[in-house]
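Hi,

Here is the structure I promised to pass on to you. Have a look at it first, and my notes follow below.

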Amino acid sequence: MSLQLLSSRLKQTFGYDEFRPLQREIMEASLEGRDAVAILPTGAGKSLCYQLPALVRDGLTVVVSPLIALMKDQVDQLEASGVAATFLNSSLDGAEARRRLDGLDAGEYQLLYVAPERLMLPDFLACLKGWKIAALAVDEAHCISEWGHDFRPEYRRLKEVRQLIPDIPVLALTATATELVREDIVKQLELRDPEVFLASFNRPNLKYQVVAKSGAAAQVCNFASARPEESGIVYCQSRKSTEALAATLRAQGFSAVAYHAGLDPAERAKNQDAFLRDEAKIVCATVAFGMGINKPNVRYVIHADLPKNIEGYYQETGRAGRDGLPADCLLLFSRGDVMKLLKFLEEIPDEQARNVAHRQLDQMTHFAENDACRRIGLLGYFGEIWPAENCGGCDHCLHPREKWDATTDVQKLLSCVLRIRQAGNFSVGLNHVSEVLTGGLSEKILRWKHDALTTHGIGKDQPRPYWVDLGRQLQRLGLLAASADKFPTVSVSQLGIDTLKKRETVMLTRALSMPKAKAVRTGDIPCDPGLFEKLRALRKELADARNVPPYVVFSDVTVRHFSRDYPRDAAALLRIPGVGEKKREDYGEAFLAAIHDWLSENPPQEFAPLAPAAAPDPKPRGPGILNSTAQLTLELWKSGNSIAQIAETRSLAETTIENHLAQAIENGEPLDPRAFYTAAEEQQMQAALDGYDEASLKPVFEQLEGRISYGKLRLFRAISARLETAG
Ligand code: ADP
Ligand code: ZN
């Protein structure tokens, strides 16, 4: 099978013109017969990595998937694109399951989704032997690890499938960012010399904002009313608050539902379905709502309460904007939430677990309070370095907060803390300090005679919360030190004393507030809003008639393209991203008619061409441009690092680095073959590859009895292809 075939099937079946970063590399490795692990963030397009190869393979691709709802959704989407796919799980009655098994016996399907517990049944394993299995894909592969958040014991037995059918390649996929879990996947699945693909975890189309929480319900209402037609998830800490918030939103005229593990299954399913089908625009949910939500057009995720850790925050915000269109992540932050979570933490019996939870909460709090780029903070947590200074997509970078000269107030506060200490070596918290500053006469102040201090009342011009807030900022700057008690007390640090003595200027940033201006957004596809609404309604109608969610018919990206390109015939339709042959056949006429109608009453609008950034981390077009990860490899290579060194520095597999270099060569980068292989090796490869045009390098590798690595073979192939086109 030639590589060309993958590209043409990509267009023909899925309607896409190009691969997303790493998709092609992952598919090639798998088609070469190698085991592979794909670690890509949500929305990066993991499914396609096994779906497309399944179409060019001879035989059945078995996909292990942990969730029933997810399987149905995927199969619906594949069927809509004309792919012969099916699933088997406990939701089917006996007759239907039988029918599908017969189909499998007859070799009618290219893809089979199955839950691990079913796969491992002895009867089923026997069936597998009878079908012609070409590959095994393990979706949500982190479920295999106890270190992950969704451990499924059944996943542990998957290696038995491998033992039973040893010749097939296994592809494990996950969005999990933790190292420990990744390693566990390789170990537990007993993968053979797997090629590991690790993408950047940056989500360029997501905008991150943190604002001070004050009346969460009203803040959510405000936010949602600015985008009434769009879908959003609001995460809350407790089951009760999801229901309360959903009720408030409904009372304000929003279509909102609640979702949490305490609802009875029928209601939960109903609410989820309403959300997937664009009927309920907002779902107020606990973290139970998440994995298995494939809805690509979630336009915002709000955290009404503080998440417990950054990992959770990242995964939850990650559910926004899977389709690559701009989406918002809003975190409502309050100190009170930190206190509440701290109280929960105290109840964790195991000390080590408690300490871990503490540290995680600290990191989360720091992320929210920090006066720096949110993206840098998030990616830094996962060990990634963001190359630019201004990310252009977070509250900090879009609206740097105003700085102001706080010197006088800082002096007032610090000296007040010093005076209190001097007066009797009392340990007091910020609340008490703020009371003294504002001239309070509480029982404690009178008892301890703090009303006699020279600093009593010197901060009357500001309210108490102002001083508490200022105190916290000084803690973060290290001018004040806080004890680690349940009721933390404060003291002036050495740095604080120096600052006071030298009368240094202290500049602080203003408190968090709701950002106002709208910025141009990464991934935005401007379109004719009137037509978009009309086509969106048509899509809903068609979807309802087929009993599937609207995104199964066409994604928002596709509908937006319809609404700016105004396709007028079948050929023009096929040029729209997301329109494959089957969908054109099924829905093309209806959409063409609607567009025709619209144009008979409205003039078409003009739009500037799109920047090549409609998808996350787009693979740039044209020769000479590499995606950013390959580019980085190339730079390291050019500055004299070996493949092994680059792999080490970047925590990537050597094969990945070789792939990057092969890409660079394909892009026209003139790299010296002698840096990769000797002249003798070159001759051997030349002979073995002469006239060979298949994608799989496995036969060649075997013919050469493993003397020459896949990496060298691939580099050789890239170099000879370049020489051919050049000559
Ligand atoms: P993941 O499983 O990694 O979260 P999905 O497989 O659900 O991501 O894909 C996210 C979205 O991106 C889907 O709507 C999918 O159709 C789309 N997509 C995947 N690959 C491509 C591509 N090469 N070009 C355009 N869209 C793509
Ligand atoms: Zn930023």
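Arg-374 lies over the face of the Phe-367 ring, 5.9 Å from its centre. Please keep in mind that this is a predicted model.

On to the ring pairs: searching the whole structure gives 19 aromatic pairs. In one of them, Phe-223 and Tyr-300 have ring centres 5.4 Å apart and planes at 70°, so they pair edge-to-face. This pair links distant parts of the chain, with Phe-223 in helix H10 (residues 216-225) and Tyr-300 in strand E12 (residues 298-303), 77 residues apart. Both Phe-223 and Tyr-300 are buried.

Tyr-314 and Phe-382 are also edge-to-face, because their planes are at 65°, with 4.9 Å between the ring centres. Tyr-314 belongs to helix H13 (residues 310-317) and Phe-382 to the loop between helix H16 (374-381) and helix H17 (395-398), so the pair ties together parts 68 residues apart in sequence.

Now the ligand. There are 14 residues around ligand 1, and Tyr-16, Glu-18, Gly-43, Lys-46 and Ser-47 come nearest. By class, this shell has five nonpolar, five polar and four charged residues. Oxygen atoms of ligand 1 lie 2.6 Å from a polar side-chain atom of Ser-47 and 2.8 Å from an N or O atom in the Lys-46 side chain. Gln-23 places a polar side-chain atom 2.9 Å from a nitrogen atom of ligand 1. Alone, ligand 1 exposes 570 Å², and the protein buries 82% of that.

Best wishes

Definitions and conventions. Residues are numbered from 1 along each chain as its sequence is written. Chains are lettered from A and ligands numbered from 1 in the order in which they are written. This is a predicted model: local features need pLDDT of at least 70, side-chain atom pairs count only at pLDDT 80 or more; totals for chains, interfaces and linings use all residues. Side-chain values use heavy atoms; hydrogens and water are left out. A residue is near a molecule or strand if one of its heavy atoms lies within 4 Å of it. A polar contact is a pair of N or O atoms within 3.5 Å; within protein, one must be able to donate a hydrogen and the other to accept it, and residues adjacent in sequence count only if both atoms are side-chain atoms. Accessible areas come from the Shrake-Rupley method with a 1.4 Å probe; for residues, only the protein chains shown count as cover. Ala, Val, Leu, Ile, Met, Phe, Trp, Tyr, Cys and Pro count as nonpolar, Asp, Glu, Lys and Arg as charged, and the others, Gly among them, as polar. Rings of Phe, Tyr and Trp (its six-membered ring) pair if their centres lie within 6.5 Å; planes under 30 degrees apart count as stacked, over 60 as edge-to-face and the rest as tilted. Helices (H or I, at least four residues) and strands (E, at least two) are DSSP runs, numbered from the N terminus. Buried means under 20% relative accessible area, exposed over 50%, partly exposed in between (1.4 Å probe, protein chains only). A charge sits over a ring if NZ of Lys or CZ of Arg is within 6 Å of the ring centre and within 35 degrees of the ring normal.
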